[in-house]
Amino acid sequence: MSRVFVPGDALAVALGADGVAEALVNAGAEIVRTGSRGMAWLEPLIEVEIVGGRVGYGPVSAGDVAGLLAAGMLSGGAHALFLGHIDDHEWMRAQTRITFARCGVVDPLSVDDYVAHGGLRGLKRALEIGYAATIEQIARSGLRGRGGAGFPAGIKWKGAADAQADSKYVVCNADEGDSGTFADRMLMEGDPMSLIEGIAIAAFAIGASKAFVYSRSEYPHANATFAKALAAVRATGGLGAHAFGPNSPFEIELRIGAGAYVCGEETALLESLEGKRGQVRAKPPLPVHAGLFGKPTVINNVLTLATAPWILTHGAEAYAAVGHDRSRGTMPIQLAGNVKFPGLYEAPFGLTLGQIVNEIGGGTASGRPVRAVQCGGPLGAYFPPSLFDTPYDYEAFAARDGLIGHGGIVVFDDSVDMATQARFAMEFCAVESCGKCTPCRIGSVRGQEVIDRIVSGENRSSDIALLEDLCQTLKLGSLCALGGFTPYPVLSALGYFPEDFQRKPAQNGGGLKR
Amino acid sequence: MHKAWDDAAADRVLGAFSPTQDQLLPMLHALQAEFGWIAAEAVPILASKLNLSRAEVHGVISFYHDFRREPAGRIVVKLCRAEACQAMGGREMAEAVLAHFKLGWGDTNCDRSVTIEPVYCLGLCAVAPAALVNGAPRARVEPARLIADIEAMR
């Protein structure tokens, strides 16, 4: 009988996918729980295996199941929710799925399914060509850190490989705290084996036998899926005493954070893994020289590591062949907030911001005009539509005082009040500051007060100058990106939307929305 | 759900871990899973197990937003306050829910039935605004519907 693929991704579950799965099972259908394809507005999107491929139906609710089955869904029958072959769907076809090629397609907990879809070829190749050639492949591919900093992965790996120590570590940063981002979560739920393979490649390349994945407590579903995936790989011998060959052990341990945003910063994450307060470390020493427990450590984002298997399998040149300028390869762009077609869209670098928001995203969900787009999470700048010609790449965004960060794009319509958004950026910094350095710990509190005074209308021009000055202090005087980048949303709101800071107090009710 | 502190139960929970400092967060998660909160009695026990000062253990517990130093309600509602949810009416949604239960952020009501906590991103940004009710994810939250569901659980 035809199998039905039902997403088990947290987003689909939040929209009722578990009820759909239950209704299908009760009706006698054979189901496979997968990840999500990334078209959030069509979730829960179920697929049916028929002759010639897989066809989709969505968005499906539990109440639709009886009607779908009566319409002959199991043989691809016509129905109002019929979407055709998902691979041919306009939104999917235009993508270049490298990191997310298997997400939503495979059974995330089946090693056999993973191998059947090209998995484990990258690790096999790495073991064949040796560690130096493996690092050379990563370096030549141009892969840069997808967590946000964009540091070349090959250079980081070489640094740790060259370091002399009795033990080394790979740490996967899965502490995806940026609002508007969910790619790490989707991958851990939809294709966790590619992350496990990528971590194994990195560990082999630098000579580590132990790796940690540091995830978030806010992702209970992803953590449960990833833990099961680790157990499935361990059961096949892919982890354990002979993972890299006879008596060549390798193990991955999943650790869960405890609600601190700052632990997404790599040195705070290392402190947290060591059982301490998640306070940022001063650099140098760099983690590749003295990281976890003082040992050489490669710390990379989920997406960076999960892309390594593809690069090893298909070759560095194939990956470097796509992209824009110095940003090579693809970026899993995450479209969120007030956008008509939200979801995950993997494409080579180089699309313009306007193409992403208006063409791929279809503009706002509310149908009102787009007013601002926050790129790169809570520490990213708010871009107005006048900057929609900016190409999506690391340097082009930096040149306009923005960042692409971890690939999140949050769209706001014209009902947004940008003074409120600026104040929130300061508030978030105050809530999440680790407290180690003064500009971040105290400046963020003073920043909220100054914005409150600006909006209330007293001493406006001198307070605006004071806010700009405070932002410079945060930018230049903070140890990490939390304090250092909080000025981006604040100054971009102030610079591109000054009218929101200039309203008469009566017009905004004498204060801000909280 | 929360339970009163119990030395024997705590000992059983902590017995599964090796006594090294890097196990402190896993230990705290395990204690909170068992009791629903981290009672003050846990501090000297953890300090002695891990050869740390009580101040160090207290510093870790108080640093992380997740660790509760008092019991929570039976129903823990986490409402996302971050930007993607703001763009879809998250602020107004949170205000309506807090006002209905007459609670502030992080508060628990008198009969210990409901706790409402802020959370900064659940990764459900494409179906905002989002919430987590006793661990179950909720998308495109409409305040009236969420309030009715919580009331039905009380």
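Author: Domain bounds come from an automatic or database domain assignment. This is a predicted model, in which local features need pLDDT of at least 70, side-chain atom pairs count only at pLDDT 80 or more, and totals for chains, interfaces and linings use all residues. Residues are numbered from 1 along each chain as its sequence is written, and chains are lettered from A and ligands numbered from 1 in the order in which they are written.

Reader: How far apart do the C-alpha centres of domain 1 and domain 2 of chain B lie?

Author: Chain B is divided into domain 1, residues 7-63, and domain 2, residues 75-153. Their C-alpha centres are separated by 29 Å.

Reader: Which residues of H7(B) make the contact with H6(B)?

Author: Helices here are DSSP runs (H or I, at least four residues; strands are E, at least two), numbered from the N terminus. H6 (residues 90-101) and H7 (residues 143-153) of chain B pack with their axes 9 Å apart. Contact means C-beta atoms, placed from the backbone, within 7 Å. Met93(B), Ala96(B), Val97(B) and His100(B) of H6(B) meet, from H7(B), Pro143(B), Leu146(B) and Ile147(B).

Terms used:
Axes fitted to C-alpha atoms, helices over the stretch in contact; angles between N-to-C directions. Contact = placed C-beta atoms within 7 Å.
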